[in-house]
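Please keep the model in view while reading.

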Amino acid sequence: MVFLARFLYGNLKGYRLLVVGAFAATILEVIVAGQVAFVTKFIIDKATPPHTDPGGIYTIILNLFKPVAAGQSHAIFTTITFLLITLVVLGLLDSVFTYAQQFLASYIAQHLTARLRQKLFDHLQRLSLDWHGKQKKGDLVQRVTGDIASVEKLITDGLVDLLGSVFTVLNAIVLMLAAQVQLTVISIVMVPALFFIIFTYTRAIKAAAKRASKSVGQVADVATEDVGAITVLKAFSLEDREALRFNRYVGKSRQAGLEAGGLQAQFTPVVNLLITIGTAVILGEGCFALATGTFPIVNIQANPPVTAGTLVLFLSLLKQLYQPMKDLSKLTNVATAAAAGAERMQEVLDQAPEVTESVAPYHGPQRFQGDIRFEQVIFGYTAERPVLKGIDLHIPAGKKVALVGLSGGGKTTLVKLIPRFYETQQGAVKIDGIDNRIIPLDVLRRNVTQVLQESVLFEGTILDNIKIGRPDATMEQVFEAARQAQIHETIMSLPDGYDTAVRERGKNFSGGQRQRLAIARAILCDSPILVLDEPTAALDVEAEAEVLRVIDKLVVGRTVLMISHRLSTLGKVDEIIVLKDGVIAEQGNYQDLKARNGIFAGLLKEQNRYNVDYSGES
Ligand code: ADP
Ligand code: MG
């Protein structure tokens with residue numbers, strides 16, 4: 001709870017004055033509500049013998065009106081009229097404060113929610129790929145939506161209510177004490193018992209609810225898993241087995257839900273019964289004291305005497321004493337959920353981005369020539385297992401280099417270090433001689449464009465997808481890029497053309513079309529460094545030939561790192577680098593390496609044995 005308070009305080013920066021305002025409105029509302037009960041007492045006391053005058057501030061105000069109430073000073077009629085008007089005015093004030101309190105609470109909650117979402121989302125985007133790789137998608141989504149909602153609920157329903165409840169109890173006790181100390185003591189004796197019952201129930205309900213929500217999570221997990229793998233399940237005819245498994249989880253979830261629901265159903269009746277018993281005790285003591293002047297059972301002389309007004313006051317204040325306790329116990333649920341939510345959010349926020357922006361001001365170029373240097377680079381995804389074990393590599397601006405080697409050799413890893421998706425453990429990666437850790441990430445990534453094996457498209461239109469690296473591009477520039485990528489005609493033939501929606505990461509396009517869209521995107525970015533990580537590996541032969549033709553145009557005038565497993569296509573590159581076990585094993589042009597009869601020549605021979613039919617090289 002201390003954590004929750006600190007979390008809220010920190011994130012409510014800029015809204016703290018409004019929070020104070022909401023609290024002030026709450027406190028004022030409670031005071032006014034208490035006064036309504038008090039004025040009611042005065043009215044009844046004035047109407048019943050011995051027709052006592054109201055006390056405190058009301059007498060003072062009433063005396064101010066004395067001259068106005070011509071002669072009839074303190075007459076029953078005038079006083080009661082005055083008190084009734086006061087009652088209505090208090091009611092009006094109560095409404096105003098209630099409105100202010102609710103409005104401010106929801107205003108603050110909405111702003112806080114938006115702020116937290118933004119903050120969390122921004123932070124998620126900056127966390128390393130490595131970290132993202134280890135997360136469950138559903139869990140992250142839950143943090144950005146559900147957990148924030150629980151904090152929002154605390155603010156709208158909870159925070160103001162919490163303070164309101166505590167203050168209402170205090171206020172009720174003060175007003176009771178002011179009216180009749182002895183009856184107050186009798187009323188408060190009931191409180192611990194009630195509190196104990198409420199507390200016990202709440203704890204049991206909470207535990208059951210936790211079990212229930214956990215099994216709901218399991219049900220969701222199984223459903224997500226199975227729906228995701230439905231093709232495989234069908235292929236192996238596992239539907240029935242999975243249905244049984246699902247059924248088991250659903251059963252467990254129902255059991256837990258029933259337990260929680262059962263306890264919840266008992267809670268209100270039990271508490272209400274206790275309140276009724278408590279009220280009966282007070283009413284009994286009060287009525288006897290009213291009639292005889294002595295409290296029965298405890299046998300104490302009532303002093304000051306109990307009046308009809310006192311009894312009415314106590315009956316209405318008892319509600320103000322017990323009701324908040326019920327609310328408070330419900331509130332602990334909301335607060336527990338919010339605390340858990342806040343903790344889960346903070347967990348993400350505390351996750352330091354592994355790649356951090358340099359703090360030093362940057363005065364280097366915004367656009368680079370494209371000279372790349374790896375200096376003694378050592379890197380591994382974990383500290384224990386290095387993937388790159390000392391890479392020294394210089395690629396002059398404008399050179400085309402191919403990276404080859406067995407799968408798992410570290411090719412992809414190596415090129416990911418250029419735009420700093422990961423941080424080197426030792427050594428440096430330099431662009432035009434500048435350590436890439438000094439270059440602001442957005443500048444760096446504008447200068448390095450990648451076309452990957454599977455180009456993921458984003459939700460949005462085709463136009464959005466092509467323009468993503470350069471949002472200010474004109475339509476003409478987009479068309480030109482698409483023409484060069486040989487996708488313009490295809491796009492234009494669609495009913496919605498460039499406004500065609502991309503669905504589910506591009507499932508409504510073929511692999512070759514996706515790659516050509518990605519290439520159009522890269523052409524538009526026009527960055528000096530281009531990384532091609534097996535851009536045709538997922539394509540059939542025809543689509544591959546088409547994409548390769550387009551790539552030929554894309555590479556002109558740029559530094560290119562091309563990862564390829566289709567070795568026969570590498571005749572045109574300036575240099576081939578063979579990666580093996582995290583080091584550069586061979587380096588040279590196609591003819592040199594072929595002649596050397598080393599690793600590359602071996603790979604080439606092996607591939608030609610299977611690829612003769614369609615390698616394109618005779
Ligand atoms: P290549 O592209 O040459 O096939 P990679 O660079 O993808 O090789 O992988 C090199 C090694 O690093 C492999 O052993 C692979 O299992 C490991 N690896 C790749 N990506 C990750 C990752 N995100 N987390 C942990 N290990 C990884
Ligand atoms: Mg790879």
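Axes are lines fitted to C-alpha atoms, for helices over the stretch in contact, and angles run from 0 to 180 degrees between N-to-C directions. The model to which this is applied here is predicted.

The chain contains 20 helices and 14 strands. Of its 618 residues, 30% are buried. Among contacts between residues at least 6 apart in sequence, 78% join residues at least 24 apart.

Helix H8 spans residues 181–228 and helix H10 residues 239–292; their axes come within 9 Å and cross at roughly 170°. Since angles over 145 degrees count as roughly antiparallel, H8 and H10 are therefore roughly antiparallel to each other. The contact of H8 with H10 comprises 27 nonpolar, eight polar and seven charged residues.

The next element is a sheet. Six strands form an open sheet of mixed pairing, in the order S8-S11-S12-S5-S13-S14. Strand S8 (448–451) and strand S14 stand at its edges with a single partner strand each, so one side of each lacks a neighbour in the sheet. On average, neighbouring strands of this sheet are turned by 20° against each other, direction ignored. Helix H17 (residues 511–525) packs on the sheet, where it touches S8 and strand S11 (529–533), and the direction of H17 makes about 170° with that of S8.

Strands of a sheet pair through backbone hydrogen bonds, either parallel or antiparallel. Strand S5 (residues 400–404) and strand S12 (residues 559–563) run parallel and are joined by four bridges; Ala402 has Met562 in S12 as its bridge partner. By contrast, strand S13 (residues 575–580) and strand S14 (residues 583–588) run antiparallel, with five bridges between them. Within this pair, Leu579 stands opposite Ile584 in S14. S13 and S14 form a hairpin with two residues between them, and Asp581 in the turn has a positive phi of about 50°.

Finally, which residues surround ligand 1? The shell consists of Asp130, Gly133, Tyr381, Val387, Gly405, Ser407, Gly408, Gly409, Gly410, Lys411, Thr412 and Thr413. Helix H5 (129–133) and helix H12 (411–416) each supply at least two residues of this shell, and the largest share, three residues, comes from H12. By class, the shell around ligand 1 divides into two nonpolar, eight polar and two charged residues.

Notes. Residues are numbered from 1 along each chain as its sequence is written. Chains are lettered from A and ligands numbered from 1 in the order in which they are written. This is a predicted model: local features need pLDDT of at least 70, side-chain atom pairs count only at pLDDT 80 or more; totals for chains, interfaces and linings use all residues. Two strands pair if DSSP finds at least two bridges between them. Angles under 35 degrees count as roughly parallel, over 145 as roughly antiparallel, 65 to 115 as roughly perpendicular and the rest as oblique. Ala, Val, Leu, Ile, Met, Phe, Trp, Tyr, Cys and Pro count as nonpolar, Asp, Glu, Lys and Arg as charged, and the others, Gly among them, as polar. A residue is near a molecule or strand if its C-beta atom, placed from the backbone, lies within 6 Å of it. A residue is buried if 20 or more other C-beta atoms lie within 10 Å of its own, exposed if 12 or fewer, and partly exposed in between; C-beta atoms are placed from the backbone. Two residues are in contact if their C-beta atoms, placed from the backbone, lie within 7 Å.
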